[in-house]
Amino acid sequence: MHKKKFKPETLMMSYGYKPELSEGAVKCPIFQTSTFAFKTAEEGKAFFEVAYGIREKNPEEEMGLIYSRLNNPDLEILENRLTLWDEAEECAVFESGMSAITTVLLEFLRPGDLLVYSKPLYGGSDHFIKHILPEFGIHTIGIHADHTKAEIIEKIETSEANDRLKLIFVETPANPTNAIIDITMCHKIAEHFSTEDNTPLLAVDNTYMGPLWSHPLKLGADLVLYSATKYIGGHSDVIAGACLGSKALMARIKGLRTFLGNMAGPWTGWLLMRSLETLKPRMEKQAENARMVADFLRDHPKVESVFYLGHLRPGSQQYKVYQNQYSSAGAMISFDIKGGEKEAFTFLNKLQLFHLAVSLGSTESLAQHPYTMTHADVSSEEKNALGLTEKLARLSIGVEDGDDLIWDITQALEQV
Ligand SMILES: *Cc1c(COP(=O)(O)O)cnc(C)c1O
């Protein structure tokens, strides 16, 4: 008999876990322990040699369990399962999306280096890049979805650190505007600046679309990042992050994670494994509901424009990138209400079913006002230039009944 290659959604219930190692328990227990007993002193010595890179691992040797800052079964099994969606060699899970992102930035950037990043970015990433990295002497250049490859190359070439490009960090689709950055183009830009002794890397924050609807590593990205708080966790009850990539790059990231100590704990690992079992059905239902809501909003007289990937005009440049990068329009919608902050706030205050809360990707639908909430820290000029204005509301669509969601939006808009 042949072995069948199972799909990731099938493997989320079992992959990487052996019941016989845990009293036959069908589900992976929570290994709520800080430290692990070695069978012998020789074994402890051998585990440390491998963990600290003192010698190479033998082909049959597995990394032994030492201490939960270095490794823990809940974390390792979770990481192995996460690699399946993105077909990555390795994964590292962190205690938040921000710790995954900042660990990557700190590992690959040194004083004098150049970072190119996309705009708009998640508020926390934006703050770290604009206010913390410059303190370490790191140069930055922001790009947005309308910039062409030639324009970006010129921006880099004319910058003071033009021979020090180390990292391109993009978030696509961008939060909250749904603007799309072309990952393949960014990969070509990284290649363009690649020299014998400097290979710029491309890292993609795939929180909005992953790990189901987009796989940036296949499009030329070196690293893919997630706030696992969002779709991966999916129940608004845990904060976590993940980074995936090649063995070589992940060895560096896991090395820094060990010393920053920002790995996720066993309880977080266990919760995320539970979440992964329903990742695909949750995200599919969310996307289906989002299409209903977006179509409804498009025809509403109090709505000026809707930013939803399923409404991109076929033939447009953004549509081409969308088709190349994404297998779904996702479940994030933002829209301009006719008016400004007052009208947007009335709409948000009148919602009965949607929670007025930040975060996204969860089973329950959420609504918020990016201008004054998630992106409060970004300058007004920059926000307005990016279409992130006071009349913009952002919706994260959950798994509720789609008609119930439309009923809620209808009654809230009526009161505006
Ligand atoms: C939420 C989010 C983050 C930060 O993740 P945390 O888990 O809150 O630390 C980063 N990027 C994007 C796109 C996000 O939505």
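**Cysteines and charges**

Guide: Gladly, and keep in mind that this is a predicted model. Let us start with Cys 91, which is buried because its relative accessible area is 1%.

Visitor: Which cysteine has the sulfur closest to that of Cys 91, and how far away is it?

Guide: A disulfide needs two cysteine sulfur atoms within 2.5 Å. For Cys 91 the separation is too far for a bond. The closest cysteine sulfur belongs to Cys 243, at 7.7 Å.

Visitor: How many disulfides does the structure hold?

Guide: The search looks for cysteine sulfur atoms within 2.5 Å of each other. The structure's count of such pairs is zero.

Visitor: And what about Cys 28: is it buried or exposed?

Guide: Cys 28 takes part in no disulfide, and its nearest cysteine sulfur, that of Cys 91, is 15 Å away. Buried means under 20% relative accessible area. Cys 28 has 8% relative accessibility, so it counts as buried.

Visitor: Turning to charges, how many salt bridges are found in the whole structure?

Guide: Side chains of opposite charge can pair when their charged atoms come close. The cut-off here is a Lys or Arg side-chain nitrogen within 4 Å of a carboxyl oxygen of Asp or Glu. Searching the whole structure gives a salt bridge count of 17.

Visitor: Which residue forms a salt bridge with Lys 391, and where does that residue lie?

Guide: The closest N and O atoms of this salt bridge, between Lys 391 and Glu 304, are 2.7 Å apart. Lys 391 lies in the loop between helix H13 and strand E12, so the pair ties together parts 87 residues apart in sequence. The partner is Glu 304, in strand E8.

Visitor: Lys 39 has a salt bridge too; is Lys 39 buried or exposed?

Guide: Its side chain meets that of Glu 43, with 3.8 Å from N to O. Exposed means over 50% relative accessible area. The relative accessible area of Lys 39 is 73%, so Lys 39 is exposed.

Visitor: Lastly, Glu 157 is in a surface patch of negative charge; in which helix does Glu 157 lie?

Guide: Asp 146, Glu 151 and Glu 154 gather with Glu 157 in that patch. Glu 157 counts as partly exposed because its relative accessibility is 44%. Its helix, residues 149–157, is H6.

Key. Residues are numbered from 1 along each chain as its sequence is written. This is a predicted model: local features need pLDDT of at least 70, side-chain atom pairs count only at pLDDT 80 or more; totals for chains, interfaces and linings use all residues. Side-chain values use heavy atoms; hydrogens and water are left out. Patches are made of residues with over 30% relative accessible area and no salt bridge: like charges are joined within 9 Å, nonpolar side chains (Val, Leu, Ile, Met, Phe, Trp, Tyr) within 5 Å. Accessible areas come from the Shrake-Rupley method with a 1.4 Å probe; for residues, only the protein chains shown count as cover. Lys and Arg count as positive and Asp and Glu as negative; His and the chain ends are not counted. The place of a charge is taken as NZ of Lys, CZ of Arg, CG of Asp or CD of Glu. Helices (H or I, at least four residues) and strands (E, at least two) are DSSP runs, numbered from the N terminus. Buried means under 20% relative accessible area, exposed over 50%, partly exposed in between (1.4 Å probe, protein chains only).
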